[in-house]
Amino acid sequence: HSEFLVAQLLGMLNGAAEGQGGSKASGRGDFAAEAISHALRAGLGERLSERGQQAMATSLAAHASCRASPEGLTLVCLSQLYLLLLQLREVAADARDLLLQGERPLLSLAASPVRQLRLAA
């Protein structure tokens with residue numbers, strides 16, 4: 001169930017970003033990112049079992065390393081994934097492998113021209 005809920009929340013964030021046409025002038029994109037980030041952390045991450053947290057981490061890593069993911073979605077995924085990886089440590093090997101060897105590896109995100117992505121990576 002955690003993968004489904006993560007996909008729904010990230011789909012909402014992606015829809016909010018597309019509805020703005022990539023512009024954050026209204027501040028709605030920042031609010032949507034903060035609200036969804038909070039829902040992922042407090043609504044899912046803290047309440048799931050270790051196996052559920054592993055599935056959530058793997059799902060977030062898949063979204064973060066996907067080339068088609070918009071900047072806002074990648075930032076939310078990376079920030080929540082950071083917190084989960086701190087908790088799970090070596091148990092989240094699948095998520096770690098996706099980040100390091102995915103479609104868009106973590107090293108390419110660290111070299112991104114976008115400052116927020118570099119910092120999050």
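1. A residue counts as partly exposed when its relative accessible area lies between the buried limit of under 20% and the exposed limit of over 50%. Arg96, at 38% relative accessibility, is therefore partly exposed, and Asp97, at 32%, likewise counts as partly exposed. It should be kept in mind that this is a predicted model.

2. Side chains of opposite charge can pair when their charged atoms come close. Here Arg96 and Asp97 form a salt bridge, in which the closest N and O atoms are 3.6 Å apart, and the count under the rule of a side-chain nitrogen within 4 Å of a carboxyl oxygen comes to one salt bridge.

3. Turning to the helix packing, helix H3 (residues 50-64) and helix H5 (residues 93-101) have axes that come within 8 Å and cross at roughly 5°; because angles under 35 degrees count as roughly parallel, H3 is roughly parallel to H5.

4. On the H3 side of this contact stand Ala57, Thr58, Ala61 and Ala62, which meet Asp94, Ala95, Leu98 and Leu99 of H5.

5. Leaving aside neighbours within four places in sequence, Ala33 is in contact with Leu13 and Val76. The C-alpha atoms of Ala33 and Gly72 are 7.1 Å apart in space, although these two residues are 39 residues apart in sequence.

Notes
Residues numbered from 1 in each chain as written. Predicted model: local features only at pLDDT ≥ 70, side-chain atom pairs only at ≥ 80, totals over all residues. Heavy atoms only, no water. Contact = heavy atoms within 4.5 Å. Axes fitted to C-alpha atoms, helices over the stretch in contact; angles between N-to-C directions. Helix = DSSP H or I, 4+ residues; strand = E, 2+ residues; numbered from the N terminus. Parallel < 35°, antiparallel > 145°, perpendicular 65-115°, else oblique. Buried < 20%, exposed > 50% of the residue type's maximum accessible area, 1.4 Å probe, protein only.
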